[in-house]
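Subject: Structure handover

Hello,

Here is the structure you were waiting for. My notes on it follow below.

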Amino acid sequence: GRNTAGNVVPDGTYTIMLTSTQVGGVKKGAATTTVKIDKVKPVSSSVTPSSPSVYPVVDALRDSVTLGAKTNEAVGSYAVYITNSTGTRVRTITGGARPAGRVDVTWKGTTNSGKRAAAGIYAFQVLLVDVAGNQTLSAKGRVTLSWKKLTAKTGTKTLTAQGAAIG
């Protein structure tokens, strides 16, 4: 925004008044409204996956991973871009308004077309767009995708003290 002198105004809340007059100076109408000027980009931090690896074979063992970042202010929208090791974007997950704090999405190892992404190391970045339209792209996070099937194993082992002197 600019003031009446044409200078750029600093961030803040301003009241705008609009008046209209007829020929002869008789007031026809007036209106006021409040606007907020915000040119500061949101800040992202803690760009992390919920786990360093994801195994999206449906077996209830790390079938998906949460990808996201922390933001210092409310956002009007966000997008998480997932790229393969050559830098090709394989998946974009978008969302709407979120309060300040974590902005997270769940990825199940699929591409934008719904196909399985190849096993490998993937990078992700979070685009944050605040309610004023200012945007920032986070640092990169990393996650490894594997199509190996995990198996949960449990067991017991009995230890004995053979030949131990008790004393």
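Arg102 counts as partly exposed, at 32% relative accessibility. Please keep in mind that this is a predicted model. Asp104 is partly exposed too, with a relative accessible area of 26%. The two residues form a salt bridge, with the closest N and O atoms 2.8 Å apart. By the rule used, the count of salt bridges comes to one.

The largest nonpolar core has 22 residues. Leu67, Val80, Ile82, Trp107, Tyr122, Val143 and Leu145 are those with the most contacts inside this core. Two or more residues each come from β5 (65-71), β6 (75-83), β7 (89-95), β8 (101-107), β9 (120-130) and β11 (141-145). In soluble globular proteins, nonpolar side chains tend to be buried together.

What does Leu145 touch, leaving aside its neighbours within four places in sequence? Among its contacts are two other residues from the list above, Trp107 and Tyr122. Leu145 is also in contact with Val54, Pro56, Gly109, Ala117, Ala118, Ala119 and Gly120.

One backbone point remains, and it concerns Ser46. This residue lies in strand β3, which covers residues 44-49. The phi angle of Ser46 is near 50 degrees, a positive value in a residue other than glycine. Ser46 is partly exposed, with a relative accessible area of 41%.

Regards

Terms used:
Residues are numbered from 1 along each chain as its sequence is written. This is a predicted model: local features need pLDDT of at least 70, side-chain atom pairs count only at pLDDT 80 or more; totals for chains, interfaces and linings use all residues. Side-chain values use heavy atoms; hydrogens and water are left out. A nonpolar core is a set of buried Ala, Val, Leu, Ile, Met, Phe, Trp, Tyr and Cys residues joined through side-chain atoms within 4.5 Å. Buried means under 20% relative accessible area, exposed over 50%, partly exposed in between (1.4 Å probe, protein chains only). Helices (H or I, at least four residues) and strands (E, at least two) are DSSP runs, numbered from the N terminus. Contact means heavy atoms within 4.5 Å. A salt bridge is a side-chain nitrogen of Lys or Arg within 4 Å of a carboxyl oxygen of Asp or Glu.
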